[in-house]
Amino acid sequence: MPLRDVPLRRLGFLTIGLFDPADPRAGHESTLDVIALGERLGFDSAYVRHRHLQHGISSPLTFLAAATQRTSRIDLGTAVTPLGWENPLRLAEDLATVDLLSGGRLNPGVSVGPPMHFDDVKGSLYPDTADAEDFSYARVTRLLGLLRGEPASSFSGVQGIETFSDHVQPHSPGLASRVWYGAASLRSAAWAGEQGLSLLTSSVVKAEGDGPTYDFATIQRSQIDAFRAAHPDGAAARVSQGLVVIPTDSATADQRERYTAYAASRLERTATPQGPGRLMFAPDLVGTSDEIAERLHEHAGFQAVDEVVFALPFTFGHDDYVQIITDIAEKLGPALGWRPSTDAGATA
């Protein structure tokens, strides 16, 4: 199978960090082990999803702080942190702290909009200010300004024996330039480009317009093009594509059966826009690495990128994730022209 002209430059994976609510530590330890394995396999990045009030990682930065101490090279990120749940000032402090602990390897991915099930959670999240909260892009610009060192307070100096700064401490130079935006619409993709951010695409996009049919890959490609058209770096602006891929090269017969059934159970939702948000979901890609690589080479979104963060499926076991990321690193990545990273301490 011929490689495309541009080989895959960077390879990462994304995990939800599933755990048993009766024993949550085991699931967190398992995910840390998977990330450490990812570094040994040569992956360039490992991202974690942000899941509030679910049995997945609800506090990614706390979790990634632990991951910084078990790794030395692999980039660590969030895909994505929904800022509707966050105070940008407090988040900026946490981001900078984890970035310094990692040696400058943190790649925060963010998005905006009201929190999911906001009417159900607003009494706990914003009991006094729910109606006044601004969930627009302004939340991102506030965060970026604070990460860059813009004033967070009108006071600085010494009071008694304590010294106060007027900007976020600690400050991590360069962190703001590593912020990614998770866009699902053309408008968000273009806005992220205008801000000079990097773009995280995923297996979910919004079906816009009145076309009789909708193709996920075509929609994703149009968003990538809109982002780069608005970005100061143009065609060089960074975009990472994220799809669910499940290679079966070294899978057991039982694993292949479960993987195929998992993808089949989710296939119907990929045919038409779903819900009031008119969301389009990408089909999960299951098969040998050569089969998946062939499908990716034909994918309009993949053709526009040279880096990916493949999403691991939900609800699988530790051994499944080990098999999947091992096959991605040893089989699928090379089939896409990627070479494992071995330069300790290197970051993007």
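**View 1. The loop that carries glutamate 298.** Glutamate 298 sits in the loop that joins helix 9 (289-297) to strand 14 (307-311), where helices (H or I, at least four residues) and strands (E, at least two) are DSSP runs numbered from the N terminus. The model is predicted, so local features need pLDDT of at least 70 and side-chain atom pairs count only at pLDDT 80 or more, whereas totals for chains, interfaces and linings use all residues. Residues are numbered from 1 along each chain as its sequence is written, and side-chain values use heavy atoms, with hydrogens and water left out. Glutamate 298 counts as exposed because its relative accessible area is 58%; exposed means over 50%, buried under 20% and partly exposed in between (1.4 Å probe, protein chains only).

**View 2. Threonine 81 in strand 3.** Threonine 81 belongs to strand 3 (residues 75-82), and it is classed as buried because its relative accessibility is 4%. Threonine 81 and tyrosine 181 are separated by 100 residues in sequence, while their C-alpha atoms lie 9.4 Å apart in space.

**View 3. The protein chain as the setting of both sites.** The protein chain holds 10 helices and 14 strands, and 51% of its 348 residues are buried. Its C-alpha trace spans about 70 × 45 × 45 Å along the principal axes. The radius of gyration of the protein chain is 20 Å, which agrees with the value near 20 Å for a compact globule, because that is what 348 residues would give; this radius is taken over C-alpha atoms, and the globule rule is 2.2 Å times the number of residues to the power 0.38.
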